[in-house]
Amino acid sequence: MSTVGATSTTSTVNTMGAAMPGACELDRRRDAVREAALYGIDFVEVSASQTTLEVYFLGKAPASIEAANLSITGGAAVNVTGLRVNRQPDPALDDWMEIDVDRPGDWSTYTLAMVEASPPSSPAATSTARMRVSSASAPPAAAPPMTGFDPLFASATFSFKASCPSDLDCCAPHVCPPPVAAQPDINYLAKDYESFRRLMLDRLALTLPAWQETHVPDIGVMLVELLAWAADQLSYYQDAVATEAYLNTCRQRISLRRHARLVDYAMHEGCNARAWLTIAVTRDQALDLSQVAFCTLFPGAPARRVLRQSDLANVPPGSYEWFEPLWPPRAQTVALRASHTAIAFYTWGDCACCLPVGTTRATLLDSWTSSGSDGNSADSGANNRADSGANNSARGRALDLHEGDVLIFEEVIGPVTGNPADADPTHRQAVRLTSVTQGVDPLYDAQNGGTPVVEIVWCPADALSFPLCLSAMMPAPDCTCRDGISVARGNVVLVDCGASTCETIGPVPTQTSTTTCPDDCAPATVLLAAPPRFRPRLSGSPLTYAQPLAGACCASDLVAQDPCSAVPSVTLEDGGGTVWTAQPDLLESGPDDTVFVVEMDDDGVAHLRFGNGAEGRSPAAGTTFEACYRLGNGPDGNVGAETIACVVYRPAGAVVGDFAPRNPLPATGGTAQESAADVRMLAPNAFRAQLERAIVADDYATLAADNARRLAQRPPGRCATPFQKLQGAKASLRWTGYVYEMGVAVDPLGSESAGAALLDEIDAYLARYRRIGYDLRVRAPDYLPLDLGLSVCVMAGYQRAHVRAALLAALGTSVLPDGTLGLFNPDNQTFGQGVYVSRIVAAAQAIAGVIETQVTRLAPYLAGRPAPGATPDDVPAGGVLALSPYQIARLDNAPGQPANGRLTLLLRGGR
């Protein structure tokens, strides 16, 4: 059945026959009619057959209803064939009436009205009421409502087709159109302050012609200028919205960052500087890193080097740079030893000693901390040596070095003059130890059990970049051997620029609510409005950005930073103790992740953006955060060497210790934020330059040779194994008979041996880029041993032995004294690189005393083949020995191992 209200869409008929509008949203008259002594129609329902109408009354039905009292108008004519009134005995229930019609109506809207019956004399009165719709152009006069019926509820509209399927909403809204206002003549070309001011003055001249005041102090002129300023701001905002919508036109840094992120480009905000400190102490003591910071010298600084926080109260902030401990972590307490302030190198009794470029090991001089046996008895030296082991084990050592410690090598005396002022300040380098072995030199100080020494090995990435002089002969007339040219500094701490501070931000705005009025269909409801966006700002600037230390194994890794990997140094803690951390974006965050994003504006102010409840948790209304962050960023922290010289105790109280910090090396790594011009130039094409998948063979080789990416993705806990860089890689795809296999050969840097640990690490690293369905196999390259023979003519006056030694060095695998590599050093050879006769001849001819060089053999080494003679027997016709793509030439010339390459030199002439 379909249901149609009595006043749903059309007008009803009153007693005077005039139409009354029905556009009220609240139907209060219906309840009043039900309670009064009047009758009314509530609604009409149409049966499924569309030949029966069920009319429901507002309360009870009249005592007598006849067919003559029914009027059905609208659409095609229908005739009433019968009616039945159903009266409910319960006074709380409404009466209803069934009306039978001869045929279903059409799709038109019909009106059922209760009207007075026509008098008997009227020609319209018949024994059977025939109700039809007039098709004439002028409708017949409307009959008055039936006696006792309310004039507004004496009729009801309905449709015979109301129950038919339809996509339209049958409920028509009650709309009261707003009044139409006159549109003023507006000049839409007005966009700035002057044009808005002129527009308003012209309008006022039209509406208020009597007002002609133009002086600035006038209240009217003041209001016009104030409105013009407000309109100018709104116009600017309107233009800014369109301007900030595109990468090439946006002017705000936050907009630029978001646009770049859409194309997977991370715009960096720079990073802070880092520096190595060595802390000199006169006695062994502990230092709680959580209570101290370091700063550079400033004008008016006190003579002491251990300060309180109050000593800096009246110092201008820009007159010094603030550094805080980074490694070891600030939560630790480090033990500082007086013996580590300056550690001497041990030369084993030799003089004029030097650690060449590329060195990764040395010997340090230690000392005993207790005397033990005096060793002055009349026993033989053999007995002394026999007892030294027991005596040494019972005594302690001054040095307490461990794997993972950092030392700073420093030249402290000029090796030529012996004057400390002539020491080279560039001969300083930090190294991280990978092996510490205690030993004893039994030759010297045998009466005390020998000289204690410590053998140290450091990370290959920290290999010496300069020759470090350990001892030297002093000029005449001194002519003595001077030790201690260089020393090793212990008690090393890594610090970075930035001062810690905390502040309270919030509270988060609360939601606003409004209450709706009740109506006939719904009770009063409470509508919650969306809370204002919570976008707090940090009061301090500039915010520190720093790269985490995860995965750093060597001293060079600890101090180096990639600005693109730097993260903001800020954490939030809400009232419940939950810690919120900063993330580059919220795209991969869940609804319960307590994360936020830091966005820097053009003024260096940090804005915090929280999640929306789907990507990241939305903070609850009323939440207050405790924000702890650091201030200090960019190249301002790149201070020079010997400038960080003060320890500052931050908590109030007594100063403990007599520390003397200094930075032998300058602070480095401080980088300014990326410029907008660079972002616009690099962002659109950055995703094309960054390889993120491995499909073809060259992709695998490129990813394997990317040392920086492999180091960044190295899992934690791998520092025990030094990071081995690759010089190159080669890959190829082959069908194994049941699956495609991608073979990747790797060439380690500085080595001709790719160990199993290195191969496993690269295999795990490439697995995340591996194409689905392909197997992956990482292996060592194919080294091709060479059989090289040279016939060399030596100039008269040169010793052949000296020339031979120079030839072996130039064509060898070691590092030459000038820092250059031998021709067949592993780093000079790579995959598929042919061996050229011309390069061999050029290297030999560059040696003093060589007149002529002839290559007599250049071929792969074959076991059992005799060494080459003076006559050429196997030289490539084109002057180059070609190698396959996976082969690397090798010529170790190691005695007893000809399978790794053999070099035969035949020298003539000379002496």
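The accessible surface of the protein chain in this predicted model amounts to about 47100 Å², with 56% of that area belonging to carbon and sulfur atoms; areas were computed by the Shrake-Rupley method with a 1.4 Å probe, and for residues only the protein chains shown count as cover. Of the 911 residues, 41% count as buried, that is, under 20% relative accessible area. Local features need pLDDT of at least 70 and side-chain atom pairs pLDDT 80 or more, whereas totals for chains, interfaces and linings use all residues. Residues are numbered from 1 along each chain as its sequence is written, and side-chain values use heavy atoms, without hydrogens and water.

The structure holds 22 aromatic pairs, defined by ring centres of Phe, Tyr and Trp (its six-membered ring) within 6.5 Å; planes over 60 degrees apart count as edge-to-face. F345 and F409 form an edge-to-face pair, at 5.2 Å centre to centre and 70 degrees between the planes. Because F345 lies in the loop between β17 (343–344) and β18 (354–355) and F409 in strand β20 (residues 406–411), this pair ties together parts that are 64 residues apart in sequence; strands are DSSP runs (E) of at least two residues, numbered from the N terminus. F345 is buried, at 10% relative accessible area, and F409 is likewise buried, at 0%.

W580 and F625 also pair edge-to-face, with 5.4 Å between centres and 85 degrees between planes. W580 belongs to strand β34 (residues 579–582) and F625 to strand β37 (residues 625–631), 45 residues apart. Both W580 and F625 belong to one aromatic cluster with F534, F596 and F610.

Key. Buried < 20%, exposed > 50% of the residue type's maximum accessible area, 1.4 Å probe, protein only. Phe/Tyr/Trp six-rings, centres within 6.5 Å; stacked < 30°, edge-to-face > 60°. Helix = DSSP H or I, 4+ residues; strand = E, 2+ residues; numbered from the N terminus.
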